[in-house]
Amino acid sequence: MSRKRYVARGVPGGYRIWDNRGRRWWGDLYELCPDDLLTELNGQADQARITALLKHYRALKR
């Protein structure tokens with residue numbers, strides 16, 4: 001089984017997405033674990049779907 005490029009890591013206040021290849025944080029701080037977003041980033045990586053999921057998770061923060 002290969003290592004995933006993007007993984008969610010728990011940080012104070014929620015979750016952040018860690019890029020294993022770039023060795024840096026990707027995206028915003030999320031209160032809930034963004035499972036759908038991680039699946040899309042590690043799978044098909046469809047830009048329209050990623051944008052929709054980012055908007056969805058940002059709306060949950062309000």
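Strands β2 and β3 (residues 24-30) run antiparallel and are joined by 4 bridges in this predicted model. Within this pair, Trp18 has Trp25 of β3 as its bridge partner, and Ile17 stands opposite Trp26 in β3. The two strands form a hairpin with 4 residues between them, and Arg23 in that hairpin takes a positive phi near 50°.

Strand β1 (residues 6-11) pairs with β2 (residues 14-19) in the antiparallel sense, over 6 bridges.

| Hairpin | Residues between the strands | Residue with positive phi | Phi |
|---|---|---|---|
| β2 and β3 | 4 residues | Arg23 | near 50° |

**The sheet**

Taken together, the 3 strands make an open sheet in the order β1-β2-β3, with antiparallel pairing. Strands β1 and β3 stand at the edges and have a single partner strand each, so one side of each is left without a neighbour in the sheet. Neighbouring strands of the sheet are turned against each other by 30° on average, with direction ignored. As a general point, side chains in a regular strand alternate between the two faces of the sheet.

**The helices**

Helix α1 (residues 35-42) lies across β1, β2 and β3, and its direction is at about 150° to β1.

How are two packed helices described? In general, the description uses the angle between their axes and the distance between the axes. For α1 and helix α2 (residues 47-61), the packing angle is about 160° and the axes are 10 Å apart. Angles over 145 degrees count as roughly antiparallel, and therefore α1 is roughly antiparallel to α2. The crossing of α1 and α2 is left-handed.

Which residues make the contact between the two helices? From α1 they are Asp35, Asp36, Leu37, Glu40 and Leu41, and from α2 they are Arg49, Ile50, Leu53, Leu54 and Tyr57. By type, the residues of the contact of α1 with α2 comprise 6 nonpolar and 4 charged, with no polar ones.

Key:
Residues are numbered from 1 along each chain as its sequence is written. This is a predicted model: local features need pLDDT of at least 70, side-chain atom pairs count only at pLDDT 80 or more; totals for chains, interfaces and linings use all residues. Side-chain values use heavy atoms; hydrogens and water are left out. Two strands pair if DSSP finds at least two bridges between them. Axes are lines fitted to C-alpha atoms, for helices over the stretch in contact, and angles run from 0 to 180 degrees between N-to-C directions. Contact means heavy atoms within 4.5 Å. Angles under 35 degrees count as roughly parallel, over 145 as roughly antiparallel, 65 to 115 as roughly perpendicular and the rest as oblique. A crossing is left-handed if the near helix is turned anticlockwise from the far one by less than a right angle, and right-handed if clockwise. Ala, Val, Leu, Ile, Met, Phe, Trp, Tyr, Cys and Pro count as nonpolar, Asp, Glu, Lys and Arg as charged, and the others, Gly among them, as polar.
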